[in-house]
Amino acid sequence: PKFDSDISNNMSSTFRARLLHLTSAALDASPRSERVAALRSVAESVEEDDECREMLGRGGLATEVVVAAGGGGADMSVHSRGRLASVLRTAILASLNEDDEDENLTALCRALCRLLCRAESVLLMDEAASAFRSLEAELSEALYEKFTTLIKECGKNGGKDNGGADSSCAAYPALSLASALPCGDGDRLVELFSSAAFSSIVFPSSSEIKTAHLFLMSAVTQYNFDGRLGPTLGLKLRAHPDKVLPLTETILASLASGGKSTIDLSFQLSDEGGGANLLPSVMKHLKSSKGEMRTRAWRALVLMAWLGGKKTSSAELVTKAVCDALTAGGVAGLTTSELRAGGYAALEGIAKHLLSRDEDDDDTAAAAVGKLADAALGALTSCLPKDKNVAAAAASGDGLVAKEVGINALLAWMQLAKRTLATGTQSGYDKALDHITEPLGKYNAKDGEFRFRLGSLVVPPPSLYLSSMPGAGEGAATAVGGETFLESVVADLMVKKKDRMRKGLEVVVDAAVKKHSSSDAVPQVDGALAAFLMVLYRSSNSEYALPASTAKAVAAGGTVKGHETSFLYSPSLLEAAKDGALPNYVLHRIVALHCRTMSKRQQSEGGGSKRGAEQPLVRIIEKRLEEGHPRPCSAATRVLAVCAANPNNPLGSLTRGSYRKDAARYSSVHASLKTVATYSPVAARTPDAFLFTLFAEVNDLAMKDDDARTSANDTRAARERHEPVDETFNKLPFAGAAGWSCIGNGHRGKLSATAPHRNFDPASVRRAACSLLRSSSSARVRETGALGRALVLSHAGTTQRANRRQRVALVGHTLDAVKETVIPLLEKDEKMAEALARFLALCASSSWMEPSNKGEDVKREGDGGYLPVISPSVHEATTSLLNTLGGIAGSFDAEYDDPDEDEEKRPYAFAHDLCVKRLPRHLLSRLADVVKIAEAVTEEDVALFRSPKGVLFRPGGDTAKGADGGAPVGAAAKHVEKKRGKKKG
């Protein structure tokens, strides 16, 4: 017996040690194979050995680990909690199959629910529910009884499994797991939930209620909500609003998750017929002095409106209540901006929910939504003028800016009015048009109202307060009108508000022209916005003619000095476009829309270019190209290059999964580039002009970034101020849940998440270059210099150390470009291959660009006086391109492959010829030049390089004093020290 006891103790201690190792965060850093082996070892033990299950459950080992982790006694990470949850699931299933004692099964279920409550992980909850869904009927009933018994026991302590300091709200995970079982009784579970959550004055927290998410989604029906949960919620909300309002929001968010709920709250919103009177109980908190309560209130109102399925009754009740509060005065109304902000947010959320639904086929339902939009727009237009102007607007205590939220709500309800055709005279939509055009009645650039109201039509303020809502559907959180809605509203403004709109926009443009003529240091964003609205309307209405000042400002983009004569192409406005979404978007759309309009007009007039006709906006300037100018193109070309290097989509601030879908509602700069290349005349050579300018723009931006990095990297302290490093994390890239996040907040060098970024967006640059390399024959690259620049830009932001997946993609894109563009050009001009090799060797090995027909000392007007320096980013992109071409060339064997017989081998033959025969000669000649320069370096040159900053260097060791008047350095300093030594002796 003593021997058996020793063996049992050894097994227990071994199992305990393995479990503690498995649940330690230290295991996360181990290889995956080691983690899998550790998990498999413990799982097999609990599955096969009843003593291990006994120790884990009734022995209290699992509870000990969970409680210690919650109290800080053990180091458990998200992954270690997941491993422990997997072990507990395995133990529960094994205990059911092996018919273990009830007490041990109960202890295992309690430990699992405790763990899920502390982890607050939806993923772990879903995994546990999935493991129990496929149980046989008898086992399912046994497990269901264990969970319901646990819920009842916890209900006596306010949902907690005991009254101690280490207690957990195990009732709510147990509800979710019980609802996932085939034998789950929804009505009974709702009663248990109400008893656990609302039977005492100690209410659970919102995070604890979230662990009942699966139960609320699946078990709550219209019957048991109206019969038990709704009335209980209303009663407790009136009695304890501060504690129950957060729970109300969390419960409603779970019910509305995914937008598939069939529960209709309209009966419980009022007290008619015995309803719970939820709506008035929540509405009064919109007037709370606490920002958190106001936020909870408007979010709950939005969720109430969402809960109705295809019916709009709930949305109608909530919308009318909010509109009444906005328009009412005195105590009953929302009389200040910070109070109205919550009402605006509620109306915006409701409108975007209605927009996210499919359009109503029922005329009655559509008419009801139209009346609702009319009422909401009437309330908004009466309240928005009360809010402060843009310059004085500030966030309220709940983080909302009333003017921004209000304009978002106005635009959302305008879109609903357009959908339901509720746009008649004197309608709410008509009042909204008056509100938007009001700043044009008496334009004042200083108050910012024109840019705010009409600019919000183009680039709406971000609605992150909606996208962060729990239970928010993607479409409901981010539904926007896009360009279709924008064009429709602009057309209405130009027709229904003709006098104010047209004259007002002309006044704004004239003011921008006047200010630009006096000083071009300030970007004229208002003028650009006004010009865009007129160009946009002209693109859809051929009978409308641009005012003379606007037409002149736009047409100046087709000239060389358009940046001097027109505010639209001024350097200050282009600088603003790099960071601002509004100037970025309107500028590239002005160019694209104007090119399309002019092309269609020429086609309608019979085609051909007439004498004195307007020049294409994006074109090559032949004279500057012959002179070897780095930007041999018109002023409008740089607009596209700046916007492509730093794209700013109007919805770029949204981070949810629906961003791409909603962002597609707006034309990107790449769509504008495609439009320009398609509609520009072939003689303009638009692709060549764009590629020359984009290459120069990327090179300049990268050089500015390199200069900033150099000046900031003199010392370690300066370097870390420039690029902060979090020393608490490993310096390794890490793909988070989103697939792109990184551990820490600042890896430097090759490990940095933004290592390839040098003041520009490399992905956007690569996309623009590749699109022109593979475009149709009418919009294809034709010039050797442009072709070489396109190939280099197609590798922007990459280096020779690109990972395998990225390199495979680069090889694929380059092969397509060579096949579709390079080889057809080589067939027309055999000398192009040599010129291309020379250009690539230049970018890979030289420090500056060389003109094609002049010496290196030739000065260039407008480029700092000298030839542009090649940036490190261009060097890296070129070497990456050579790496790609080398990989392609490696697939060609000159002895066996014949490109004349097999056309598929022609791209590989081209890469082989370029890398093996042509490039080495150019690189060798440059290497010889570098060797000559290195041999010419003297000792004085080295001494000058090594001399300290702030000291005037003089040949022969006679160095002047430092900038601070200190002692001399170098040889002179040594001489002084020798003299001092003699005096001391």
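Q: Are H23 and H32 parallel or oblique to each other?

A: This is a predicted model. Angles of 65 to 115 degrees count as roughly perpendicular and those under 35 as roughly parallel. The axes of helix H23 (residues 449-458) and H32 cross at roughly 60° and come within 11 Å; H23 and H32 are therefore oblique to each other. The crossing of H23 with H32 is left-handed.

Q: Which residues of H23 and H32 meet?

A: From H23, Arg451, Gly455 and Val458 take part, and they meet Leu582, Tyr585 and Val586 of H32. By class, the residues of this contact are four nonpolar, one polar and one charged.

Q: At what angle do H32 and H34 pack?

A: Helix H32 (residues 581-604) packs against helix H34 (residues 635-645) at an angle of about 135°, and their axes are 9 Å apart. Angles over 145 degrees would count as roughly antiparallel; at about 135°, H32 is therefore oblique to H34. The crossing of H32 and H34 is left-handed.

Q: Which residues make the contact of H32 with H34?

A: H32 contributes Asn584, Leu587, His588 and Val591, while H34 contributes Ala636, Val639, Leu640 and Cys643. Six of the residues in this contact are nonpolar, two are polar and none is charged.

Q: How many helices and strands does the protein chain have?

A: The protein chain has 46 helices and zero strands. Of its 985 residues, 50% count as buried. Among contacts between residues at least 6 apart in sequence, 72% join residues at least 24 apart.

Note on methods
Residues are numbered from 1 along each chain as its sequence is written. This is a predicted model: local features need pLDDT of at least 70, side-chain atom pairs count only at pLDDT 80 or more; totals for chains, interfaces and linings use all residues. Side-chain values use heavy atoms; hydrogens and water are left out. Axes are lines fitted to C-alpha atoms, for helices over the stretch in contact, and angles run from 0 to 180 degrees between N-to-C directions. Helices (H or I, at least four residues) and strands (E, at least two) are DSSP runs, numbered from the N terminus. A crossing is left-handed if the near helix is turned anticlockwise from the far one by less than a right angle, and right-handed if clockwise. Contact means heavy atoms within 4.5 Å. Ala, Val, Leu, Ile, Met, Phe, Trp, Tyr, Cys and Pro count as nonpolar, Asp, Glu, Lys and Arg as charged, and the others, Gly among them, as polar. Buried means under 20% relative accessible area, exposed over 50%, partly exposed in between (1.4 Å probe, protein chains only).
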